[in-house]
Amino acid sequence: MRAKIWGLTLMMTAFGFASSAMAAPDLELPPEELAKETVLPVFDRVEMVRVRKVKTSGKWEFAGNFSWMMSEPIFDTSRLGVSIYKHTDEETAWGAQFYSYSTGLSDYSKQLNKQYQLDYNRAPKPEFGAFLDYNAKLFYGKMSISKNSTMNTHLLGLASIGMTKYENDMYPGATVGVGYKFYFTPTFSLRTDLRLFIHQAPIPFKRGAILSTDPVPDKGSFKERIHYTNLLDIGLNWLF
Amino acid sequence: MKKTTLMIFILTSLITSAAWSQDSDVEELNLIQLELDKSASPITEEEDSSTSNTTRQSPDANRSNTPDMTYEDVSGLSEFKQVSVIQRRYLPRTGRFQAYIGPSMTLNDPWFNVMGASLKLGYNFTETWGIEGNYSFMSTDKTMALKELSKENNITTENFVYVKSYYTVGVNWTPLYGKMTWLNEKIVYYDIYFNAAFGGTEIQSGDMQDTFSISAGQIFSITKAYAFRWDLSWNFFEAKQVDATQGTYNNVIMSAGFSFFFPEANYR
């Protein structure tokens, strides 16, 4: 009986303290002890997107694209490519790219030939290239199209290394740049890349070899140096 | 006996304090309710007539007037007339000026490294439409390819065309806006815009050539007053080519910098 009374007493005491706390009078603190600045709470785990419409982690992606070698002076400025990527997670993808170069000359080369009889068909041309491409999926988002529909996007950081086969030899190269993917559906997207292509390659301006009246040179006799070329890629991607 | 008396005293005091605190809370809630009732504006007949499809009644009244619905009734509901797929724009632009400054460079000139700065000033009539003027001045340096062409192939390159500056005035169309997350940690709001413009290009000879320009770009909001902006412009103009004939030149120019919006967006 005594134990029951004590138990009841303790329970009522706890209830009483809780009620008393609610009725606590306002505390008055001196101004120098009050907080003078505010801070935002820091969470251990920040997650801005809980449910992604476009899920890439663990998936493969196949792509076909067209490249415009914008600052190529001598050879045809277009090339076609196919790529396959493995998305290791939502932030990273690794891919293998294969490019086939057009075999013609640029408009500038044609003008130089017309005006000065310079034939750059004598210089070694690029034929194809193979690259290992790294994609950092920095930004994932969605955009509104006239308030009626949305399209998901990825903004990518890009870097690749590989080799380019010329008519005379193979040369190493690397690219860095940014890419943008616009998803029509969770599996199909349009992709544009802007890259700086840094590559070793033959110098097509060889003295005594390019003029139409010059003897035809050996394609292995051209000197080499590092070239810088701006690339603009546009292509279609299929995620599966 | 003393213990029992003490216990009754404690219990009485605790229960009293609990009751006092509950009374206090109820009184405070009543005060808040009273303030809300006072601040609520009365519904006028005009407002009622303008919102013909919706009746502004208290939830209780709605509940009592609305007949019970079944699942079959749901299929007969009409579609929403307007669907906003994303929340309001973070950076409003209607009725505001935009001043931009940033470095720029020509990406597709094989003979010259062309770099400079762009200044733009625009005004948006609506969130979608606006006008913008641009002035860019360029500094030019010969590329290795041009030096080799001149040296190895004995070509005079003085008449090769390059751009010293250009200006355009055009229309800005911003149909796309959205938001994206930076590595799933931070939300960034942006607009994508397109621009068509006319103007002039000053080439190396000093001549000013008529120029048509199209461009596309993106504005990433940092605050409601300034933003990071990048764009690609494609300029077309006519000039004498390498083979001495008149031809069309096209320059792809990339620019990246910061935009400042004014006056302050204090109407949202």
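This briefing describes selected features of chains A and B. The structure is a predicted model, in which local features need pLDDT of at least 70 and side-chain atom pairs count only at pLDDT 80 or more, while totals for chains, interfaces and linings use all residues. Residues are numbered from 1 along each chain as its sequence is written, and chains are lettered from A and ligands numbered from 1 in the order in which they are written.

**Chain B: overall make-up**

- Chain B contains five helices and eight strands, where helices (H or I, at least four residues) and strands (E, at least two) are DSSP runs numbered from the N terminus.
- Read from the N terminus, the order of elements in chain B is α-α-α-α-β-β-β-α-β-β-β-β-β.
- Chain B has 268 residues, of which 26% are buried; a residue is buried if 20 or more other C-beta atoms lie within 10 Å of its own, exposed if 12 or fewer, and partly exposed in between, with C-beta atoms placed from the backbone.
- Among the contacts in chain B with a separation of 6 or more, 61% link residues 24 or more positions apart; a contact requires C-beta atoms, placed from the backbone, to lie within 7 Å.

- Strands β5 (residues 186-203) and β6 (residues 208-221) of chain B pair in the antiparallel sense over 13 bridges, pairing being assigned if DSSP finds at least two bridges between two strands.
- Within this pair, F194(B) has A216(B) of β6(B) as its bridge partner.
- Four residues lie between the strands in the hairpin of β5(B) and β6(B), where G206(B) has a positive phi near 95 degrees.
- β6(B) also pairs with strand β7 (residues 226-240) of chain B, in the antiparallel sense over 11 bridges.
- Opposite S213(B) stands N235(B) in β7(B), and a hairpin of four residues connects β6(B) to β7(B).

**Chain A: two loop residues**

- T56(A) lies in the loop between α1 (2-22) and β1 (60-69) of chain A and counts as buried because it has 24 C-beta neighbours inside 10 Å.
- Leaving aside residues up to four places away in sequence, T56(A) touches H87(A), E90(A) and L239(A).
- G220(A) lies in the loop between β7 (188-202) and β8 (224-239) of chain A and counts as exposed because it has 11 C-beta neighbours inside 10 Å.
- The C-alpha atoms of G220(A) and N168(A) are 5.4 Å apart, although 52 residues separate the two in sequence.

**Chain A: helix α2**

- Y108(A), S109(A) and L112(A) are buried in helix α2 (residues 107-116) of chain A.
- These residues are on the same side of α2(A) because they cover an arc of only 100 degrees around the axis, the arc being that of the directions from the helix axis to the C-beta atoms.
- Q117(A), which follows α2(A), has a positive phi near 55 degrees.

Notes. Contact = placed C-beta atoms within 7 Å.
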